[in-house]
Amino acid sequence: MAAGYAELLGTRHAARLLVGTLIGRLPNATAPIAIVLFTRAEGGSYSLAGALAAAYGLANAVGQPLLGRAVDLFGQPRVQLPAAVVSALGMVWLALVGTGSVVAAYAAVVVAGLFTPPLEGGLRALWPGVLGGREEKVHAAYAMDAVAQEVMFTVGPLLVTLFVAVWSPAGALLALNAIGVLGALSVVVSEPSRTWRSAPREAHWLGALRSRGLLALLGAFFFVGTALGSITVAGVAYADDHGNQAVYGWLMAALGLGALIGGVFYGARQWAGAPERRLRMLVALLALCYLPLMLTPGPVAMTALAALSGVFLAPALACAFIVVDRHAPAGTVTEAFSWLVTFFGVGAAIGTAVAGPAVELGGTAASFGVASVAGGAALLVLMVTQRVLATAGRGRAVAGSSEGVSDEAREVPSGAPSAG
């Protein structure tokens, strides 16, 4: 599979887009951790830390589909870079005002979350054009994308703890967001981003959400997000129990490393059968691996359990990307992927909000129990909706899509449905 990834990255623009997107998403990927550590350093409670992280996540959830639809309508550069700058300014505001004024702190994280650029959905919209529309390559790119994300989620927590140790929690917020703006800039000035246009779309106020299959998938990944969000807060509580904040960084990095390993193995073979059926199996295994976290053993064993809990995350995400592509209505590709980010983010926000009180009421094991319950709920949604997911909304192959094709390569026929 390493050779396959090397071939993909050797395609013109591919490496730049992947790396730029990952760097651009670094502030979003590390925001819950950075906000929690910043709030605790300012003397705030676990409940306040969880609530601020939840507010960021909810604002992000609102902004992603709106910005994703704007990208489908107006193109990537006009939306992605301005959004990245405004989001970074929100985090600068938080670093400056602190948590002394709770209202100002909430306003800062809401601005930062609301304007987080939809780089993730944007990259997946670009893959077909960059890879010549070849379905097998695009699916391989989705797997590589999920694996690369886990590199970011492995390195991200370590970067946060490193920046906190070298500077301060406020310095970490500033540095991460400055890096993120540079990543977004690298993407939007590239040729594929500048020339990309969405396929013609039917005018409909629901946009991508008119697909029942997509709604079923989003419901399941809401609960996957809830599980991960709760682990963010539960990990801090575990580190406090052991008197060493560095433990938190190692737990989060181990979770990302486990997902990285799982993603590499998942991408090492071609999978037969419907991806919807495969997704149910992967989510079942993901839910099963959350259960041992409730044991809360010593740091070494807990780090190993954290890695185990992440093994099936990247494979589940990579498979979900394919399912999104199969069910998203024409002309809504960025919006559809952004809705996946949104539901995942709302779930993560709920998870952080619930895990804070769970720590205070039932201890660290109870907060990890939130992840176990949420994982089971995700599987239940996929089981209940398996008939809906069995029929692709459009039944289109990636290779047959005009999504991600540049202006020069695609002529939109006159009289095509207007964008809605």
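1. **His13, a loop residue.** His13 is partly exposed, with a relative accessible area of 22%. His13 sits in the loop between helix H1 (2–10) and helix H2 (14–24). Its phi is positive, about 80°, although His13 is not a glycine. Please keep in mind that this is a predicted model.

2. **Thr296, another loop residue.** Thr296 also has a positive phi, near 40°, and is a residue other than glycine. The loop that holds Thr296 runs between helix H13 (275–290) and helix H14 (299–310). Thr296 is partly exposed, at 24% relative accessible area.

3. **Overall make-up.** How many helices and strands does the chain have? There are 18 helices and 0 strands. The chain has 420 residues, and 57% of them count as buried. Take the contacts between residues at least 6 apart in sequence: 83% of these join residues at least 24 apart.

4. **The nonpolar core.** The largest nonpolar core holds 116 residues. Ile35, Leu94, Trp127, Phe221 and Leu279 have the most contacts inside this core. Which helix gives the core its largest share? Helix H11 (residues 212–241) does, with 14 residues.

5. **Leu279 and its partners.** Beyond residues up to four places away in sequence, Leu279 touches Leu217, Phe221, Ala316, Cys319, Ala320, Val323 and Leu382. Phe221, one of these partners, is itself among the core residues with the most contacts. Cys319, another partner, counts as buried at 0% relative accessibility.

6. **Met144 in helix H8.** Met144 is found in helix H8. Met144 is buried, with a relative accessible area of 4%. Leaving aside neighbours within four places in sequence, Met144 contacts Tyr5, Leu8, Leu9, Leu18 and Trp127. Leu18 is 126 residues from Met144 in sequence. In space, the C-alpha atoms of Met144 and Leu18 are 9.2 Å apart.

7. **Aromatic pairs.** The count of aromatic pairs comes to 7. Tyr142 lies in helix H8 (residues 135–166) and Phe321 in helix H15 (residues 313–327), so the pair ties together parts that are 179 residues apart in sequence. Are Tyr142 and Phe321 buried or exposed? Both Tyr142 and Phe321 are buried. Tyr266 and Trp271 make another pair, this one stacked, at 5.2 Å centre to centre and 20° between the planes. Tyr266 is buried, at 8% relative accessible area. Trp271 is partly exposed, at 32%.

8. Tyr142, Phe321 and Phe337 form one aromatic cluster. Where does the charged end of Arg124 sit? It sits over the ring of Phe321, 3.6 Å from the ring centre. The charged end of Arg124 also sits over the ring of Phe337, 5.8 Å from its centre. Arg124 belongs to helix H7 (residues 119–130). Although Arg124 carries a charged end, it is buried, with a relative accessible area of 1%.

9. **What else Arg124 meets.** The side chains of Arg124 and Asp145 are joined by a polar contact of 2.9 Å. Setting aside neighbours within four places in sequence, Arg124 is in contact with Tyr142, Asp145, Gln149, Phe321 and Phe337. That list includes the cluster members Tyr142, Phe321 and Phe337.

10. **His327, a buried histidine.** His327 is in helix H15. At 1% relative accessibility, His327 counts as buried. Which side chain does His327 meet in a polar contact? The side chain of Glu276 is the partner, at 3.2 Å. A polar atom of the His327 side chain also lies 3.4 Å from the backbone oxygen of Leu389.

11. **Cysteines.** How many disulfides are found in the whole structure? The search finds 0. Cys289 is buried, with a relative accessible area of 9%. Cys319 is buried too, at 0%.

Definitions and conventions: Residues are numbered from 1 along each chain as its sequence is written. This is a predicted model: local features need pLDDT of at least 70, side-chain atom pairs count only at pLDDT 80 or more; totals for chains, interfaces and linings use all residues. Side-chain values use heavy atoms; hydrogens and water are left out. A nonpolar core is a set of buried Ala, Val, Leu, Ile, Met, Phe, Trp, Tyr and Cys residues joined through side-chain atoms within 4.5 Å. Buried means under 20% relative accessible area, exposed over 50%, partly exposed in between (1.4 Å probe, protein chains only). Helices (H or I, at least four residues) and strands (E, at least two) are DSSP runs, numbered from the N terminus. Contact means heavy atoms within 4.5 Å. Rings of Phe, Tyr and Trp (its six-membered ring) pair if their centres lie within 6.5 Å; planes under 30 degrees apart count as stacked, over 60 as edge-to-face and the rest as tilted. A charge sits over a ring if NZ of Lys or CZ of Arg is within 6 Å of the ring centre and within 35 degrees of the ring normal. A polar contact is a pair of N or O atoms within 3.5 Å; within protein, one must be able to donate a hydrogen and the other to accept it, and residues adjacent in sequence count only if both atoms are side-chain atoms. A disulfide is a pair of cysteine sulfur atoms within 2.5 Å.
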